[in-house]
Amino acid sequence: MAELLTCASAEEVDGFLSGLSANALKALPWMFEFWALPHQMAPKSDWDTWVILGGRGSGKTRAGAEWIRGQVEGARPMDMGKCRQFALVGETYAQVRDVMVFGDSGILACCPPDRRPKWEATRRRLVWPNGAVATCYSASDPEAMRGPQFDGAWVDELAKWKKRREAWDMLQFAMRLGDDPQQVVTTTPKNVAILHDILNGTNAVSTSAPTSANAVNLAQSFLDKVTAEYGGTRQGREELDGELLEDVDGALWHLSDLDAGRVEVAPILDRVVVAVDPPTTSGENADACGIIVAGVVMQGPPQNWRAYILADLTMYAVTPNAWAAAVTVAAKEFGADRVVAEVNQGGEMVEAVLRQHSALLSYKGVRATRGKSARAEPVATLYEQGRVHHLGGLRDLEDQMCQMSLAGFSGKGSPDRVDALVWAMTDLMVDAAQNYHRPSVRALL
């Protein structure tokens, strides 16, 4: 019926609505197929995984919640639907509860009063009047899905999960009830390996839509602001247009490689540095101050060394005093042996402002004599050799890395995070390896 009305004229729609009874009109707000946008409707083909890609505010959450309704509800409140055991999986329990369950477009907001499930907080689950159950799980705790089994699942914002591969794999082993268990993934697209793997699966389908597709439900001021600020950028194409972008042509780094080298904790490190790429200006419109903490295990010859990127502490819109304070705090917190800072623009001022916060700070100023891509290429080679590992919480840094190519940086603004990373790795690995082969220095390492 909804598809027929979509093709009807305004007069025909008015005639249809005027012919409905009072009870039918009251039920109309709960008939999602009547109001849904095309990308929010499940494809008609056979599938076991439906991926809904969309920009911010495009209606992904509503689509996921309404799909669950369609699976658990029967014709009457107490009638059984297709599914009885659901998994709701988000990055954390709090996000599952606040967005997928209690959110403005979450399950409780979408269910009519006579079919609304009851929230059992202590068991982290929803229970429908007909007995269907949806249990909440955190992707940060994949092992919690070892044991339960489901005939349906809703996965939200998969692309930003820190343990996305582990959590996804655990869910797949649990999807074993019923004749054809199905799962829906609602996510803003990010160029991560697991998302490509899912979309390339034999029984996966996808729909997508930009933020503007749901403009009628969004504040115009929001649309104007984000379009002006991010329109046409790589971030905007993902966050607003809902595009799943591939790696930049000739990229020095690839997310699939970064994922392969990811670790949860670093071993005992022989050296740690805090690297800084200071902004040339301060204030609201200034470039960011790139601050990266990295360490290295220097056991044996240089080809055996392994580096670990520990933290990205990059700051925006800060004064020299603010970033200098943050750097000295980081140096103390991580037990850094040295602070490495680029001095092309700031010169001696960089060291002076750092000394105001720590007079005894071990400091090394470095000066760029080559372009950003030329400096980054030796560091990228270390990654290709599998000698650099990332801890969690580095998504913004990794996004910048994957936009660096031999032709330059394709992102918006300056790659401040990557610049700081390159200085850290140059000090820890590139320069140290060169010094290792000098007889007068080798004994010191």
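A salt bridge here is a side-chain nitrogen of Lys or Arg within 4 Å of a carboxyl oxygen of Asp or Glu. Keep in mind that this is a predicted model. A search of the whole structure finds 29 salt bridges.

Start with Glu 73 and Arg 115. Their closest N and O atoms are 3.9 Å apart, and they form a salt bridge. The pair links distant parts of the chain, 42 residues apart. Glu 73 sits in the loop between α5 and β2, Arg 115 in the loop between α7 and β3. Buried or exposed? Glu 73 is buried, at 15% relative accessible area. Arg 115 also counts as buried, at 14%. Both belong to a network of salt bridges, along with Arg 62, Glu 66, Arg 69 and Asp 114.

Next, Lys 160 and Glu 91. This salt bridge has its closest N and O atoms 3.7 Å apart. Lys 160 is in the loop between β6 and α8, and Glu 91 is in the loop between β2 and α6, so the pair ties together parts 69 residues apart in sequence. Lys 160 is partly exposed, at 31%. Glu 91 is buried, at 9%.

Last, Arg 165 and Asp 197. Here the closest N and O atoms of the salt bridge are 2.6 Å apart. Arg 165 lies in helix α8 and Asp 197 in helix α9, so this pair ties together parts 32 residues apart in sequence. Arg 165 is partly exposed, at 35%. Asp 197 is partly exposed too, at 42%.

Note on methods
Residues numbered from 1 in each chain as written. Predicted model: local features only at pLDDT ≥ 70, side-chain atom pairs only at ≥ 80, totals over all residues. Heavy atoms only, no water. Helix = DSSP H or I, 4+ residues; strand = E, 2+ residues; numbered from the N terminus. Buried < 20%, exposed > 50% of the residue type's maximum accessible area, 1.4 Å probe, protein only.
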